[in-house]
Amino acid sequence: MTETVTFYIDGQAYQVAKGTNLVDAAKMHDIDIPVFCYHPKLKPVGMCRMCLVELGSLSVNRETGEVERDEHGEPVFRWFPRLQTACTQVVTDGLAVRTTTEAVVQGRNSILEFLLTSHPLDCPVCDKGGECPLQNLTMGYGPGESRFLIDDKIRLDKHVPLGELIYLDRERCIQCARCTRFCDEIVGDDVLAFHERGRRLQIVTISDPPFDTKFSGNTTDICPVGALTTADFRFGARPWELQEEATICPHCPVGCNLSAGTRLDRDAGGKKIIKRIMPRQNEWVNEIWICDKGRFGHHHTRAEGRLEQPMLKQNGAWVPIDWPAAYDLVAAKLRQYGDSLGVLAGPSLSNEDLWELRKLAGLVASEPKLGVWPAAMTGGDLVAQVGVGSGTMLRAVGPETAILVIASDFEEEAPIWWLQVKQAADRGAAVVVANARPTKLDRYARAVVRYRYGEAVSVLNGFAAQALKDKSLTGKLSESRVAGLSQLRAALKGVKPAFGDAGRMLLSAENLIIFAGGEGLSVAQHRELMQAAANLLILTGRAGRANSGLVAVWPGANMQGAYDLGYSAEATQALLDTPPRMWIIGAANPVAEDARAARAITGAEFVVATSLFMTPTSEAADLVLPRQSFAEREGTFTNGMRRVQRFYTVQGIIGDSLPDWKIFAAIGERLNGPKARISAGAVMKDITAHVPAYAQASYPRLAQVERQFPLVGGDDLYYGGTAYFNLSGLGLAIPPVAEDGSAQLEVRPVTVDAPASTDADLSLIPVRVLYDRDVLFEPSRLMHHRVPPPSVELNQADAERLGIADGDRVAVEGDGYQITATARVDGRAPAGYALLPVRLSSTPAPTTPAACTVRKIGE
């Protein structure tokens, strides 16, 4: 239990947890101690001296041990002879602080006067103007005039690119080191450093390529001056002109909370558009951080080429039609094809879209086949059973918790989770990484487990066998509520406990979180991996608890929502095995991404696609319906930790586009289905009435907020930075079935299928990269320099055998596909495998492991 102590600020007694930073303790009680270098997410360094205060302690009688008191009965304090930095102090019992004395006021005046000696007076043209901590603190605590001569001003470079995304104005920098410390402490990327000394001290980038981190934009949020600005927003608008709207990132399963700064823009024809994306605080999800893809990947919302009206293919040419005609045509085709209908739902469909699409398919098919895309991972039902408990907060994870990341290149697939797991490791959590190849997270792991692609299940079975041999590790298991336990034990008897040190770290911790990716696994193998993870959590009694459970690292924002609402990768595989005569494809581009899917879709008799752009899948369709982006409508996403979160309308509608749910509901009306709901909120009300897990996920509930710490935004931007305070909802964490102590759980033995032998040279392993050419990201031209060209990674021995050198042009060929790429021989690929990053080539390739040959076609 945390010990509480009493301390005093300006004569008033307060109580906080012992060891709390003094600046934080004051802020918890709405008392401001101004700071520049201190940030509540960083270690204190006391560099700027802005937080100077008078410190003292209770005067205690040495003989009696009692607190001495004056004639008025007030406690007596002993004071330090000089001012002290508050940010480097922690609260102890009896600590006393004075923040308003003449000495403190004079100290703050002097610090600000020194900081401003060489600071440019360019507030009217500075992007930070209006939300600048230096500006605010100068007005609140500054001397009002300077004794220094203008000729003594140090003049430095003002427009220094630290990379393609971030610009540095060296004259504005006050050397607080927040940016360098963020990169070092939070991210662990050695990319920024100080150069020179004294008044010429300046920030430089020391990486190649420059500022090489996936989180660079966060430095502009915590910079207390206008020294760091983004290329995306620089000179684009003034902060006070912007209207902030709450939304959710549409790119990955983390579900980062965003604030979209919008305004009516002349260059957009007077329409309301997004001018910048900022983090919105949600300590349960992304804290106050976002990755650069989430920050700069919003341009698809208003990009050229957006579809603005329904388009029908007639005699090979596209002809615009109106919405009623489009609805009538789709309804007629659905009546014609009946049960021969296939549905593919993309990861950016909201829960409301998915629900109305499911209802539409159910009107014409007795057993509708509801597939997801990409269809490389499965097991959403197992996440619903043993997912993380509803009180899970990664930022609070420490030595009591073990974290296993398996079959995932974590930073590429879920950057903010990677950031939080790295920080958990810094706090003492036991992180174990299991993968067939090296990943960046290895450097922070206490143990690294290597296995052959396709055999990830053996790792989890080995841990489970180890747990069975040590009864102390299964002591919390309630056997009466677990079905299949005896069969699992019998199956594991023949399994040899493996990876001893890694197993002990995971199984001896109080809590266990398993992040399961899908790299190197077929859909069937991934199902086995997810089942093995569920078995381990149930077997060790760690299912259904806060900071413990199973998390799938899905390839998209709302894949978990799709599984919760009845969609699956198994349905997709069945559709590709036996292609239907008609397809409805919502917000997905399978024709461009998978050769097998491309054959199944192009061979159909009628294809309907909802899309933002005329993609290869749209080109293969017979009817294309313009959908709205996440910024033009409202709805909900369910992130990988099963937190349902609401996003709001941010900008004006493009053309005659509609939200997907409204399209599907209107078609359903023409098939004698229920009357279309009038709003996304009404659709969610329908979901809450029919999906028990979502019973509490009403829009008013999702919009609820609570006080979070640290405080950000507001009037004291100097403290937490310019991330936005959350006024629009923290979402609702859906508890797993295992959290109900009376619920029945099920385990099932799983086996390891050895990789099938082929006559091919190599096995192709599709891998995910953060910066790709996905439909939602490619329009962000600012980020094109970070999108790598199509490439394939080869093992050194395989490359030598094939006569291929690093940088050669190669052809990657297999059953029904051929891709031209650049060979990378960098030591990451295991022998016998070719690693192919997906969504980089314009040519479709397999999205699950396949046989391939690689041959050199040029140097």
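Leu 507 sits in helix H14, residues 500–508. Helices here are DSSP runs (H or I, at least four residues) and strands are too (E, at least two), numbered from the N terminus. Because its relative accessibility is 1%, Leu 507 counts as buried; buried means under 20% relative accessible area, exposed over 50%, and partly exposed in between (1.4 Å probe, protein chains only). From Leu 507 to Arg 452 there are 55 residues in sequence and 23 Å in space, C-alpha to C-alpha.

This is a predicted model, in which local features need pLDDT of at least 70 and side-chain atom pairs count only at pLDDT 80 or more, while totals for chains, interfaces and linings use all residues. Residues are numbered from 1 along each chain as its sequence is written, and side-chain values use heavy atoms, with hydrogens and water left out.

Let's turn to Arg 786, found in the loop that links strand E32 (762–767) and strand E33 (791–794). Arg 786 counts as buried because its relative accessibility is 17%. Its side chain makes a polar contact of 3.5 Å with the side chain of Tyr 771. A polar contact is a pair of N or O atoms within 3.5 Å; within protein, one must be able to donate a hydrogen and the other to accept it, and residues adjacent in sequence count only if both atoms are side-chain atoms. Neighbours within four places in sequence aside, the contacts of Arg 786 (heavy atoms within 4.5 Å) include Leu 165, Phe 211 and Asp 292.

Thr 230 belongs to strand E11, residues 228–230, and with 10% relative accessibility it counts as buried. Not counting residues up to four places away in sequence, Thr 230 touches Leu 165, Ile 166, Thr 220 and Phe 296.

## Two helix pairs

Helix H2 (residues 102–115) packs against helix H3 (residues 133–141) at about 140°, with axes 10 Å apart. Axes are lines fitted to C-alpha atoms, for helices over the stretch in contact, and angles run from 0 to 180 degrees between N-to-C directions. In this pair, Arg 108, Asn 109 and Leu 112 of H2 meet Leu 134, Leu 137, Thr 138 and Tyr 141 of H3.

Helix H8 (residues 351–364) and helix H22 (residues 680–690) pack at about 65°, their axes 9 Å apart. On the H8 side, the contact residues include Trp 355 and Lys 359, and on the H22 side they include Val 683 and Ile 687.
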